[in-house]
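Thanks for making time this morning.

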Amino acid sequence: MARVILIIFIGLTFSGLLLLLPGAALAGSIFKCIKDDKIVFSQTTCPKEFSQHQIEYDLGITTEIDSDKPQNFIDPLSALLDMKTISKEKLLQLIKGEMYRLKQENSYFDILRASEVQKIERKRYWQKHEKDDPEYLKELQEMHLYFDDLISNNQASLDLLQERKNLIETEAEPE
């Protein structure tokens, strides 16, 4: 009976924590600590004697990851450029997909830039400043530099991916 009440209490506490998470990422992750038949939820990592599962809540989806196992992060761009890990066809498909994504992101940056220009223009209008006002010009220049930098970073990645794609397409298939 006490065990059932404890499980219900933990369940209610955990669901209450999950309700707090969508609005802000203050808690980050919840850890599910397991030892024999005992389960404890914590916002800090589990003690050594417990096995640990990391529970994340994002966009209404809860995922549970066995965080006892070592996790190795693979940079997606590095994986795309490393031909030894995947087949030539799959590599070309992934490179083309990444190139498409970067081009879409550049288009999105152009849309955001246009929106920011309108916002700055409205601000200038309502403050009754002229188009040659130094504050207006400085703000406009900073905004353009910001988006130019984002687009140039994407373009550098696109150029690198295009070079790699051309290299892969022209090289002979090993026998």
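Predicted model: local features only at pLDDT ≥ 70, side-chain atom pairs only at ≥ 80, totals over all residues.

Let me start with Tyr 136, which lies in helix α4, where helices (H or I, at least four residues) and strands (E, at least two) are DSSP runs, numbered from the N terminus. Residues are numbered from 1 along each chain as its sequence is written, and side-chain values use heavy atoms, with hydrogens and water left out.

Is Tyr 136 buried or exposed? Tyr 136 is buried, with a relative accessible area of 10%; buried here means under 20% relative accessible area, exposed means over 50%, and partly exposed is in between, with a 1.4 Å probe and protein chains only. Once its neighbours within four places in sequence are set aside, Tyr 136 is in contact (heavy atoms within 4.5 Å) with Ile 120, Glu 121, Arg 124, Glu 130 and Lys 131. The C-alpha atoms of Tyr 136 and Lys 123 are separated by 8.7 Å, and these two residues are 13 apart along the chain.

Stepping back to the whole protein chain, the secondary structure comes to 4 helices and 4 strands, and along the sequence these follow the pattern α-β-β-β-β-α-α-α. Of the 175 residues, 23% count as buried, and among contacts between residues at least 6 apart in sequence, 45% join residues at least 24 apart.

Now to the helix pair. Helix α3, residues 88-126, and helix α4, residues 134-170, pack at an angle of about 170° with their axes 10 Å apart; the axes are lines fitted to C-alpha atoms, for helices over the stretch in contact, and the angles run from 0 to 180 degrees between N-to-C directions. The two helices α3 and α4 are therefore roughly antiparallel to each other, given that angles under 35 degrees count as roughly parallel, over 145 as roughly antiparallel, 65 to 115 as roughly perpendicular and the rest as oblique.

What makes up the largest nonpolar core? Its 8 residues are Leu 91, Leu 92, Ile 95, Met 99, Leu 102, Leu 158, Leu 161 and Ile 168, a nonpolar core being a set of buried Ala, Val, Leu, Ile, Met, Phe, Trp, Tyr and Cys residues joined through side-chain atoms within 4.5 Å. The elements giving two or more residues to this core are α3 and α4, and the largest share, 5 residues, comes from α3. A second, separate core of 7 residues includes Phe 109, Met 143, Phe 147 and Ile 151.

That brings me to the rings, which pair if the centres of Phe, Tyr or Trp rings (for Trp, its six-membered ring) lie within 6.5 Å, with planes under 30 degrees apart counted as stacked, over 60 as edge-to-face and the rest as tilted. By this rule there are 3 aromatic pairs. Phe 109 and Phe 147 form a tilted pair, 6.5 Å centre to centre and 55° between the planes. Phe 109 lies in helix α3 and Phe 147 in helix α4, so the pair ties together parts that are 38 residues apart in sequence. Phe 109 is buried at 11% relative accessible area, and Phe 147 is buried at 6%.
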